[in-house]
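Reader: I would like to learn how to read metal sites and a nonpolar core in a model. Could you take me through them one feature at a time?

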Amino acid sequence: MELDLRFESVHEGILVSGTANVEVTGECGRCLEPLRFDRDVDIQELFFYSDSQSLSVEEDEEQHRVENDSVDLEPVLRDAVVTSLPFQPVCREDCKGLCSECGARLNDDPDHHHEVLDPRWSALAGLAGTAAENDAATKSESDEREES
Ligand SMILES: [Zn+2]
Ligand SMILES: [Zn+2]
């Protein structure tokens with residue numbers, strides 16, 4: 001994470017503003033390919049001095065404070081970055097995702113599709129499978145005979 005921040009002393013505390021450049025890694029919400037991108041996130045947060053009067057006026061958990069002359073940027077950066085992330089990251093806008101039948105990546109194989117078998121032919125497909133199994137069985141039997 002690269003930070004380009006400006007710290008300004010204001011009446012109530014320290015105003016931190018600038019940008020954070022973060023490298024985001026994850027996976028595509030459609031095809032599950034790993035993805036990685038850079039993002040600039042704007043940061044602007046006022047850290048109140050501990051003795052600042054505004055704290056007593058408006059006791060708010062969201063208020064950040066200057067403690068021991070330093071500010072804790074981590075929660076501020078985390079909030080800013082997390083809220084800027086997309087809910088459904090995709091590797092590219094037109095990502096075709098995965099085949100719902102077999103899980104193949106459709107980006108790699110745009111013509112990928114499945115023959116929708118006519119149920120009347122499925123019995124024949126079964127017969128073809130059995131015939132191939134019989135062939136294999138006969139072959140192994142003959143192999144055994146040759147050995148003995
Ligand atoms: Zn994708
Ligand atoms: Zn498929």
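Author: What follows takes the metal sites in turn and then the core. This is a predicted model, in which local features need pLDDT of at least 70 and side-chain atom pairs count only at pLDDT 80 or more, while totals for chains, interfaces and linings use all residues. Residues are numbered from 1 along each chain as its sequence is written, chains are lettered from A and ligands numbered from 1 in the order in which they are written, and side-chain values use heavy atoms, with hydrogens and water left out.

Reader: Which residues coordinate the zinc ion (ligand 1)?

Author: Donors are N, O and S atoms within 2.8 Å of the metal (3.2 Å for Na, K and Ca), and because water is not among the atoms, sites may look incomplete. Here the SG atoms of Cys28, Cys31, Cys91 and Cys95 coordinate the zinc ion (ligand 1) at 2.2 to 2.4 Å, and these donor residues follow the spacing C-x2-C-x59-C-x3-C in sequence.

Reader: What arrangement do the four donor atoms around the zinc ion (ligand 1) make?

Author: Four donors count as tetrahedral if all angles lie between 85 and 135 degrees. Around the zinc ion (ligand 1) the angles are 106 to 114 degrees, so the arrangement is tetrahedral.

Reader: And which residues hold the zinc ion (ligand 2)?

Author: The zinc ion (ligand 2) is coordinated by Cys99 (SG), Cys102 (SG), His112 (NE2) and His114 (NE2), at 1.9 to 2.3 Å. The angles between its donor atoms run from 101 to 117 degrees, and therefore this arrangement is tetrahedral.

Reader: Is cysteine 28 buried or exposed, and how does one judge cysteine 102?

Author: Buried means under 20% relative accessible area, exposed over 50%, and partly exposed in between (1.4 Å probe, protein chains only). Cysteine 28 is buried at 1%, as is cysteine 31 at 1%, whereas cysteine 102 is partly exposed at 45% and histidine 112 is partly exposed at 22%.

Reader: Which residues have the most contacts inside the largest nonpolar core?

Author: A nonpolar core is a set of buried Ala, Val, Leu, Ile, Met, Phe, Trp, Tyr and Cys residues joined through side-chain atoms within 4.5 Å. The largest one has 14 residues, and those with the most contacts inside it are Val16, Val22, Val41, Ile43, Phe47, Leu73 and Leu77. Strand 2, strand 3 (34-49) and helix 2 each give two or more residues to this core, helices (H or I, at least four residues) and strands (E, at least two) being DSSP runs numbered from the N terminus. Strand 2 provides the largest share, five residues.

Note on methods:
Tetrahedral: all angles 85-135°; square planar, octahedral: opposite > 155°, others 65-115°.
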